[in-house]
Amino acid sequence: MGKVTGFLEIDRQDRRYAPAADRVRNYREFVIPLSEAANRDQAARCMDCGIPYCHNGCPVNNQIPDWNDLVYNGDWKEALRNLHSTNNFPEFPGRICPAPCEAACTLNIIDSPVTIKTIECAIIDRGFAEGWVKPEPPAKETGRSVAVIGSGPAGLACAQQLRRAGHEVHLYEKNATPGGLLRYGIPDFKMEKSHIARRVAQMEAEGVVFHCNVHVGVELEIAELLERHDAVALAGGAEKPRDLPIPGRDLDGVHFAMEFLPQQNRRVSDEPLGNVMPILAGGKHVIVIGGGDTGSDCIGTSIRQGALSVTQLEIMPKPPVHEDKMLTWPNWPLKLRTSSSQEEGAERDFSVMTQKFEGRDGKVEALHCIRVDAKMQPIEGSEFVLKADLVLLAMGFLGPVQDGMIETLGVDLDQRGNVLADTNAYQSSRDKVFACGDMRRGQSLVVWAIREGRQCARSIDKHLMGETNLPR
């Protein structure tokens, strides 16, 4: 695919970042796109591999060699059609996906994979610029009605697919604006919210009805939705955070990451914060506990708010700088990765366990830490103390919040507390109730949520109509 000898003739070239000193002054996206000619050259590097492992590396199974070939040959509109055939919202993973497809690329054996994520983003951005992305209302109505609860990527994908199949679709969101984690968790400097807004406008034009500021299980009983609709899709997030129950946890200044990040997203969008105390990093020594993407988002946000220092702690050992290709390829490798936010000025420390928070007058002032060995056992004599005015807990999520809707439904849960449903039917233990995305699989990538939303829609359509033309 692409140019047969392209990978031999053309070096890898990817998007660049604006300088850190400039980008930390605002909350706008800072990735500098490649030119059309450069994207064409990068698409030309796609090899005629025989077995395109990128297909399996991509959770939505994007037909990557096909649209690389189309870009190389200048047929961008057909590339967009192909891309949309597997992914409703490629502009989301085109900005925030860690790109397991590139890890699976054959050229990654020599650390020079095709710039798949960049090309994907270029295709969809051009599609919007050219006016090729338009509403696709159904040709006919089925007379069936579906409620989708949660407007994150899984709920959006599920709702759009069901509406295009001709069902009446009502999407319920507890917050003021649709988007879920995309809107309230991911900072604007990684993905500006205009990308969500234009998709919501497209879906409204297709006939999806959005109900915002409606917390199902609190303001609206789930039993009412079951009575009103022919099927219900649970597409909420895995919002129960992992806590750190150590001495001093109740001190002022110790917060979950998802108490901190949504506040800043609301500020950027001029959305009221509500009845909460502001959490701000300006002028403070910030400690982020947790080494994943959420922790990285806390770093970038804290730096933009004017933190004096930001330190990120990870209990796991420092990963190797390079993976063993022969052992890991084409699977996602464990290796040291440095995010754009970490590059902006954070100190990172590994194999660190926090033993207690220390404070004065009810406010946190320090962390007492100890180093741990490979088995995460404390190493005697390695204790140290870190100054802290703000501590953000970003240690992952345990599953969906069970109080309210899930508890009332009484659906079966898996061993991790997620709603139990398989990836064939996506049906819960309750009749008419389906589950997808993080609520079903636990904390995961946006691209996995889109995949599950699409597949769940297919199962619901088949359940309602006896057959379906929706793709998996």
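## Helices H10 and H12

In this predicted model, helix H10 (residues 153-164) and helix H12 (residues 194-206) are roughly parallel to each other, a label given to angles under 35 degrees, with angles over 145 called roughly antiparallel, 65 to 115 roughly perpendicular and the rest oblique. Their axes come within 10 Å and cross at roughly 25 degrees. Axes are lines fitted to C-alpha atoms, for helices over the stretch in contact, and angles run from 0 to 180 degrees between N-to-C directions.

H10 passes H12 in a left-handed crossing, that is, the near helix is turned anticlockwise from the far one by less than a right angle. On the H10 side the contact (heavy atoms within 4.5 Å) is made by Leu156, Ala159, Gln160, Arg163 and Arg164, and on the H12 side by Gln202, Met203 and Glu206.

## Basis of the description

Residues are numbered from 1 along each chain as its sequence is written, and side-chain values use heavy atoms, with hydrogens and water left out. Because the model is predicted, local features need pLDDT of at least 70 and side-chain atom pairs count only at pLDDT 80 or more, while totals for chains, interfaces and linings use all residues. Helices (H or I, at least four residues) and strands (E, at least two) are DSSP runs, numbered from the N terminus.

Phe260 is found in helix H14 (residues 257-268). With 0% relative accessibility, Phe260 counts as buried, meaning under 20% relative accessible area; exposed is over 50% and partly exposed in between (1.4 Å probe, protein chains only). Leaving aside residues up to four places away in sequence, Phe260 touches Ile279, Ala281, Cys298, Thr301, Ser302, Gln305 and Leu392.

Helix H15 (residues 293-305) has 13 residues and spans 18 Å from its first C-alpha to its last, close to the expected 18 Å, which is 1.5 Å times one less than its number of residues. Twelve of the 13 residues are buried, so H15 is largely enclosed by the rest of the structure. The buried residues include Cys298, Thr301, Ser302 and Gln305. H15 is followed by Gly306, whose phi is positive, near 95 degrees.

## The three-stranded sheet

An open sheet has the strand order E12-E13-E14, with antiparallel pairing; two strands pair if DSSP finds at least two bridges between them. Strands E12 (352-360) and E14 (384-387) stand at the edges with a single partner strand each, so one side of each has no neighbour in the sheet. The twist averages 30 degrees from one strand to the next.

Eight bridges join E12 to strand E13 (residues 363-371). Arg360 stands opposite Lys363 in E13.
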